[in-house]
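Could you open the model in your viewer and keep the selection panel handy? We will go from one stop to the next, with something to select at each.

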Amino acid sequence: LCIAQLALKNPQHPEIEKILAFWKKHEDAEGAIIDGQQTAAEGNYTVAWPLAVLAKQLNRPELAEKCILNLRLRRDRLVDEGGAIWLRHYKSGGTTRTYKLWSRGVGWYFLGLAKSLDQLQTPPADLIAELQRTAKYLLPFQNHEGLWHVFADDPQTAPESSGTAGIATALAIGVRRGWLGEPEKLAAQKALIGLQGRLTPDGFLTAVAHANMKEGGEAFQRKTKGAILQYGMGLMAQLVAELW
């Protein structure tokens, strides 16, 4: 993420080539930039979007192609037959996915997709269709407060603000670009109102799911009521920027 911001400020900075070399070392046989055997939803946000920014800032079309490839591979690996988005995908002795519809992971996937398409000179039709599909899939899970729950499809889990902010910002980007319509606009606005209701008097955002540590795992995530964590603040700031 910081490399994308650096490229917007100073596209000639030497650290940019270092991160491109680092990513090259982490490509798998299909060209996905991953962590070992793990393909994670974060990659749409922390790899694909920076690649899109770098492609534009440096006028390097091959980086745009790499961005598009990574978005497609994550779509293919993380979205199951029913359309649900998973946080992680492993290829080791078989295919395994973990954390189905964990909202912060969904937010990373969806927001990274939206921000990448927003930067690409020619966004591919199949990825715009994935943005639209994801929006349609997620809207029914938004609760009366405007938030999505820790696990989007499980209203027995707590309302969760960081995933909500990421999802709503993706909706707002899609609306701004004309890929999404009035229902998505209203959902993003409703989410912002709900998030504002979760701010403390001194401006910190509550109801952010804890870090997804292996020690706690999914069972812990289904019990957490959230906390004040800066994951949520940064994502909410992006939603404010899109809507205001």
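Two rings of Phe, Tyr or Trp (its six-membered ring) pair if their centres lie within 6.5 Å; planes under 30 degrees apart count as stacked, over 60 as edge-to-face and the rest as tilted. Before you select anything, note that this is a predicted model, where local features need pLDDT of at least 70 and side-chain atom pairs count only at pLDDT 80 or more, while totals for chains, interfaces and linings use all residues. Residues are numbered from 1 along each chain as its sequence is written, and side-chain values use heavy atoms, with hydrogens and water left out.

**Stop 1: the rings**

Select Tyr99, Trp102 and Trp108, which ring pairs link into a cluster. The ring rule gives a count of three aromatic pairs. Tyr99 and Trp102 have ring centres 6.3 Å apart and planes at 65°, so this pair is edge-to-face. Both Tyr99 and Trp102 are buried (under 20% relative accessible area; exposed is over 50%, partly exposed in between, with a 1.4 Å probe and protein chains only).

Now pick Tyr137 and Phe141, an edge-to-face aromatic pair with 5.6 Å from centre to centre and 70° between the planes. Tyr137 is partly exposed at a relative accessible area of 23%, and Phe141 is partly exposed at 23%.

**Stop 2: charges over rings**

Show Arg104 with Tyr231: the charged end of Arg104 sits over the Tyr231 ring, 4.3 Å from its centre. Then show Lys115, whose charged end sits over the ring of Trp49, 4.3 Å from its centre. The rule here is that NZ of Lys or CZ of Arg is within 6 Å of the ring centre and within 35 degrees of the ring normal.

**Stop 3: two backbone angles**

Most residues other than glycine have a negative phi. Leu101 is in the loop between β3 (95-100) and α5 (103-119); helices (H or I, at least four residues) and strands (E, at least two) are DSSP runs, numbered from the N terminus. Is Leu101 buried or exposed? Leu101 is buried, with a relative accessible area of 0%.

Next comes Asn59, with a positive phi near 55°. Asn59 belongs to the loop between α3 (42-58) and α4 (61-78), and is exposed at a relative accessible area of 64%.

**Stop 4: helix pairs**

Colour α5 and α6 (residues 125-138): their axes come within 10 Å and cross at roughly 145°. Axes are lines fitted to C-alpha atoms, for helices over the stretch in contact, and angles run from 0 to 180 degrees between N-to-C directions. Among the α5 residues that meet α6 are Val106, Phe110 and Leu117. By class, this contact has eleven nonpolar, one polar and one charged residues.

Then colour α7 (residues 161-176) and α8 (residues 182-196), which pack at about 145° with axes 8 Å apart.

**Last stop: Ile173**

Ile173 lies in helix α7 and is buried, with a relative accessible area of 3%. Which residues does Ile173 touch, not counting those up to four places away in sequence? They are Leu111, Ala114, Lys115, Asp118 and Glu242, where contact means heavy atoms within 4.5 Å.

Key. Nonpolar A, V, L, I, M, F, W, Y, C, P; charged D, E, K, R; others polar.
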